[in-house]
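Here's a quick tour of a protein model, with a look at its backbone, its charged pairs and its surface. Have the structure open as you read.

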Amino acid sequence: LEVVAVEPNQQYWVSIQRELQRWQLRGEVVGHLERTEGCFDVAVLQHVLCSVEAPEELLLQARQRLRPGGLLLFVEHMPPRFRG
């Protein structure tokens, strides 16, 4: 298993590397993703959709980088906007 952690805030890179080592995962931490379309089996977005200006664009970019049949998972801590 290879992990590519995308975190624009470099202050978190050390703790992410520590977690990769703790879980014995091979991987890297990058500030932005330059890989081409269809290069990942799984994409995980954790607590990010609530803090970006264009969450739809981020979801589209994540989907484009998945291989056919790939899995997109996201974890959020904000409730969905109420439309009533």
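## A residue with positive phi

H47 is partly exposed, at a relative accessible area of 38% (buried is under 20%, exposed over 50%, partly exposed in between, with a 1.4 Å probe and protein chains only). You'll find H47 in the loop between β3 and α2, where helices (H or I, at least four residues) and strands (E, at least two) are DSSP runs numbered from the N terminus. Its phi is positive, about 55°, although H47 is not a glycine.

A word on the ground rules: this is a predicted model, where local features need pLDDT of at least 70, side-chain atom pairs count only at pLDDT 80 or more, and totals for chains, interfaces and linings use all residues. Residues are numbered from 1 along each chain as its sequence is written, and side-chain values use heavy atoms, leaving out hydrogens and water.

Q24 also has a positive phi of about 55° without being a glycine. Q24 sits in the loop between α1 and β2 (26-30) and is exposed, with 73% relative accessible area.

## Charged pairs

How many salt bridges does a search of the whole structure find? It turns up two, taking a salt bridge as a side-chain nitrogen of Lys or Arg within 4 Å of a carboxyl oxygen of Asp or Glu. One joins R22 to E19, with the closest N and O atoms 2.9 Å apart. These two are three residues apart in helix α1, so about one helical turn separates them. R22 is exposed at 54%, while E19 is partly exposed at 35%.

In the other, the side chains of D41 and R67 meet at 2.9 Å, N to O. This pair links distant parts of the chain, with D41 in strand β3 and R67 in strand β4, 26 residues apart. Both count as partly exposed, D41 at 49% and R67 at 36% relative accessibility.

## The nonpolar patch

V42, V44, L71 and L73 make a nonpolar surface patch of about 330 Å². The elements giving it two or more residues are β3 (40-46) and β4 (66-75). Patch residues have over 30% relative accessible area and no salt bridge, with like charges joined within 9 Å and nonpolar side chains (Val, Leu, Ile, Met, Phe, Trp, Tyr) within 5 Å; areas come from the Shrake-Rupley method with a 1.4 Å probe, and for residues only the protein chains shown count as cover. V44, in strand β3, is exposed at 51%.
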